[in-house]
Amino acid sequence: MGVELGDIFEKHEIQLSDLAGRVVAIDAFNTLYQFLSIIRQRDGTPLMNSRGEVTSHLSGFLYRTTNLVEAGIKPIFVFDGKPPDFKARTLKERSKTRDKAMYRWKEAVAAGEEEEAFVHAQASSHLKEGMVEDAKTLLGSMGIPVVQAPSEGEAQAAHMALTGDADFAASQDYDSLLFGAPRVVRNLTVTGKRKLPRKNIYIDVNPEIIELEDVLSANGITREQLIDIALLVGTDYNPGIKRVGPKTAIKLIKEHGGIEAVLVEKGEEIENLQVIKDFFLYPDVISDYEISWKSPKESEITDFLCNRHDFSEVRVKGAVGRLVEASDAGQQTLDQWF
C-alpha cells in the first residue's frame, strides 16, 4: 500500500504524450498488482487460461505497455527482490486482508451480488508462483528492459531517477519520494476511465507528476523530515502513531525538528526506527544493470500468449503490430540524436 501522504503532495496532471521521449523506471510489482486487481470479469473473476492460471497481469503488460510505447515513452520495469526483514509484519497483514477479501468475494458471488463481488475481488489479488517470471518473459519478448532490484523495486527505481538513468520513477505509492526520487509519475498504467466502487460514476484518470523539491519547499521540510513524517503516519515498515495523520505529523516535525523528540513528547516508540530511516536514506540498490530497448519478437510473443496462455491470436497480433510500429518509430527518433 505504501505510505499515505497524498494529501500533502501537490500533483500536476499531465497527458501521456507529455512523457514522449522520457525514460520511466516503473515499479513492476506495484503495476502487476494493479493489473491483477482491475483486469477482471464483471463478477470479479480474473482472466485465466485453460489450466486455470491467472493471466490478467499478462494482458495488462501487453496492452497497456504497448500504449506507453505508442505514446513515445521508454519504459523500464523494475522488479522487487528480497524485502527487508522489518517488512514481514506488513506482508503478513496484507496476506490476511487478501484472504478475507477472497472469502467475501466468494460470498458475494454466491449471493448474486455482482458489483459487491467485484469490489472484494479487487482486494483479493494474490501473487502466485510463476507470475513474476511470466511477466519478465513477456516483457523480454516485447523488447522492454527489466531490472531486478536486490530489495525494494521503488528504491531501485528512485536510484535510477537520481542517477539520471531514468527521467521519472513510476508507482501508485509515494514511497519513491521517500527513497529520493526527484520526480514521480502516478497513474501511468491505469490512465483512462475508472468506475468508482459501489457507484455508477466514472472518472477520468490521467497521469500525475510529483516533484520532490516542490514537496519539500512547499512544506518547509528536508527529505529526512519527510521520512520522519511518513514514519509518524505509518509506512510499509511500521504502523505509525495512533491519531497522527499527515498534517499533524508535519506540524509535530516542524515544531520539534525530528521524530525522536516527537516520540519522547508523546511517550511512544517505533521499533527499528533508525534502521528504517537508514533504509529510506541509503537503500539496497544496484548500479550494474543493463538498459536497452530492443525490437519486439513477434513470434515469441504470439507463441507465449496464444499457445501457452490461450490469448486471442487476432487481438495479440493486433497489439504486437502496434508495438512493432511504435518501437520502430521510437528507435528512429532516438537515432536522430546520434
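Buried here means under 20% relative accessible area, exposed means over 50%, and partly exposed is in between (1.4 Å probe, protein chains only). This is a predicted model, where local features need pLDDT of at least 70, side-chain atom pairs count only at pLDDT 80 or more, and totals for chains, interfaces and linings use all residues. Residues are numbered from 1 along each chain as its sequence is written, and side-chain values use heavy atoms, leaving out hydrogens and water.

**Helix H9**
- Helices are DSSP runs (H or I, at least four residues), numbered from the N terminus.
- H9 spans residues 223-233 and is mostly covered, with 9 of its 11 residues buried.
- The buried set is Gln 225, Leu 226, Ile 227, Asp 228, Ile 229, Ala 230, Leu 231, Leu 232 and Val 233.
- Those buried residues pack against helices H7 (175-178), H8 (212-219), H10 (246-256), H11 (259-266) and H12 (273-281), with contact meaning heavy atoms within 4.5 Å.

**Tyr 33**
- Tyr 33 sits in helix H1 (residues 28-38) and is partly exposed, at a relative accessible area of 24%.
- Setting aside neighbours within four places in sequence, Tyr 33 touches Arg 98, Ser 125, His 126 and Leu 127.
- Tyr 33 and Ala 123 are 90 residues apart along the chain, yet their C-alpha atoms are separated by 9.7 Å.

**Around H3**
- Lys 96 belongs to helix H3 (residues 88-110).

Key: Helix = DSSP H or I, 4+ residues; strand = E, 2+ residues; numbered from the N terminus.
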